[in-house]
Amino acid sequence: MGRLALTDMPGAGDREQAAWTHVPITGIEDLSDAVLGAGLAATQMSRGLTGSLAFAERDGVVFSSGSLGGRVALRGALSRARVTLGIGLRMAPGSRHWLRDVETGDFGVFLPGDEHDALYGPGTAYATVTLDFERLEAIGERVGLVVDQRTLGG
């Protein structure tokens, strides 16, 4: 089995880099795009919601990240047409996906249309990459992994 490195990602090693957009969280409505373009249903579960979101796009690959300064619930498909890979960079105690505890370093694969149902505590930070399945398959092939959509998600 191969290892995936940052240099395997589209555009890696290019001198030109994707420009990042930073968005401070000023209200719960900002979290509908916690993953850019998702249109999630967001519910504020505590007072004083703060944090920030950051987004970039490069060659059809969308990068989203966030740092949450309050307890929030997010629900909905991360993408209707593409695969989203996500990792919990820092998961606050009490964070859950589908009513199951999640911890820092947990990784998820969300196929097109897969429902995301989560509760995040203050201090949570995450990163996602959203891309076409064909591109994910090609990256896997380059590093010696067979990426089979039937066994990835659901």
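Side chains of opposite charge can pair when their charged atoms come close. The side chains of R75 and E115 form a salt bridge at 3.9 Å, N to O, where the term means a side-chain nitrogen of Lys or Arg within 4 Å of a carboxyl oxygen of Asp or Glu. Because R75 lies in strand β5 (residues 72–77) and E115 in strand β10 (residues 115–120), this pair ties together parts that are 40 residues apart in sequence; helices (H or I, at least four residues) and strands (E, at least two) are DSSP runs, numbered from the N terminus.

D117 and R75 meet in a salt bridge at 3.0 Å, N to O. D117 lies in strand β10 and R75 in strand β5, so the pair links parts that are 42 residues apart in sequence.

## Another pair and the whole structure

The side chains of D101 and R96 meet in a salt bridge at 2.9 Å, N to O; D101 is exposed at 57% relative accessibility, whereas R96 is partly exposed at 30%. Through shared partners, salt bridges join R75, E115 and D117 into one network. The whole structure holds five salt bridges.

## Basis of the values

Residues are numbered from 1 along each chain as its sequence is written, and side-chain values use heavy atoms, with hydrogens and water left out. Since the model is predicted, local features need pLDDT of at least 70 and side-chain atom pairs count only at pLDDT 80 or more, while totals for chains, interfaces and linings use all residues.

How values were computed: Buried < 20%, exposed > 50% of the residue type's maximum accessible area, 1.4 Å probe, protein only.
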